[in-house]
Amino acid sequence: MKKPWIMAQTWRDLVFLHWPIAPDALRPFVPSELEIDVFDGQAWVGIVPFIADHTRLRFSLPFPIVGTYRELNVRTYVKCNGRSGVYFFSLDADSLLAVKAASAGGFLPYRYARMKVVKKDRRYAFTSRLAKPGIGESFRIGFKPSAGMLEASEIERWLTERYCLWTKPKTVLYRVDIDHVPWQLQKVHIEIAENSLAGYLPVGWNREEPLAHFSALQKTRFYPPVKEHR
């Protein structure tokens, strides 16, 4: 029986950017216990910028300092014990407190970055620059959502409807379950000005135009981590 959720968060102004990639290119960076999930033989890398809002623990009000911050994650999709979910290569945020809390003990690969989101009319500009010496990762994108909701295709559902994540601090694999309603996706026009994320992947992995989707709002709940047994 699933334990009660421990944290709630609202995701706002979120963009999914997805590129196909050969599964073998990801294998060195994913724990061996996890099978790389594929769609028609292709693995996928996702870059997801968004605003995290109303962050709170169960039975508490939103945190006054870290309740709202900007986030940018790089991820792929994996399977374990019959379940499909997300594996994060990196999670960047512009809140030092949020980064320290989420990365305590190496639990999740959070990093502090300087970020900015500007919205004018219906157009957004999102920028991120990693604040870690010696790692020059930057990301800049402009995007404008189209009006109306999409009826998601099979690949769009496969990429976005993921209800758990795995992480492996040190030697133990953990699963964190996530709960939310199905995504309400919109088409979005994007202009990527800079993207030097995930430099460890093969050169040119993000050269082509990605599959892009926008979601204005998603309310989520996170459950306690559980050890994954094989």
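Trainee: Let me start with one residue. Is Asp13 buried or exposed?
Mentor: Asp13 counts as buried, because its relative accessibility is 14% and the cut-off for buried is under 20%. Keep in mind that this is a predicted model.

Trainee: Where does Asp13 lie?
Mentor: In strand S1. That strand covers residues 7-21.

Trainee: And how many residues of S1 are buried?
Mentor: 12 of its 15. So the strand is mostly covered, given that buried means under 20% relative accessible area.

Trainee: What is phi of Asp13 near?
Mentor: Near 50°. That is a positive value, and the residue is not a glycine.

Trainee: Which loop residue has a positive phi too?
Mentor: Ala198, with phi near 50°. Ala198 sits in the loop between strand S11 (188-195) and S12.

Trainee: Is Ala198 buried or exposed?
Mentor: Buried. Its relative accessible area is 3%.

Trainee: Back to S1. Which strand does S1 pair with over 11 bridges?
Mentor: Strand S12, residues 211-222. The two pair in the antiparallel sense. For one example, Thr10 has Lys219 in S12 as its bridge partner.

Trainee: How many bridges join S1 to S3?
Mentor: 10, and those two strands run antiparallel as well. S3 spans residues 43-57. Here Trp11 has Ala52 as its bridge partner.

Trainee: What do side chains do along a regular strand?
Mentor: They alternate between the two faces of the sheet.

Trainee: Let's zoom out. How many helices and strands are there in the protein chain?
Mentor: 3 helices and 13 strands.

Trainee: What does the radius of gyration say about the chain?
Mentor: The protein chain has 17 Å. A compact globule of 230 residues would be near 17 Å, so the value agrees. Along its principal axes, the C-alpha trace spans about 45 × 45 × 45 Å.

Trainee: What share of the residues is buried?
Mentor: 49% of the 230.

Trainee: And what about contacts across the sequence?
Mentor: Take contacts between residues at least 6 apart in sequence. Of those, 66% join residues at least 24 apart.

Trainee: New topic, the surface. What is its area?
Mentor: The accessible surface comes to about 12,000 Å². Carbon and sulfur atoms hold 55% of that.

Note on methods. Residues numbered from 1 in each chain as written. Predicted model: local features only at pLDDT ≥ 70, side-chain atom pairs only at ≥ 80, totals over all residues. Heavy atoms only, no water. Helix = DSSP H or I, 4+ residues; strand = E, 2+ residues; numbered from the N terminus. Rg over C-alpha atoms; globule rule 2.2 N^0.38 Å. Buried < 20%, exposed > 50% of the residue type's maximum accessible area, 1.4 Å probe, protein only. Contact = heavy atoms within 4.5 Å. Areas by Shrake-Rupley, 256 points an atom, 1.4 Å probe, with all protein chains shown as cover. Pairing = 2+ DSSP bridges.
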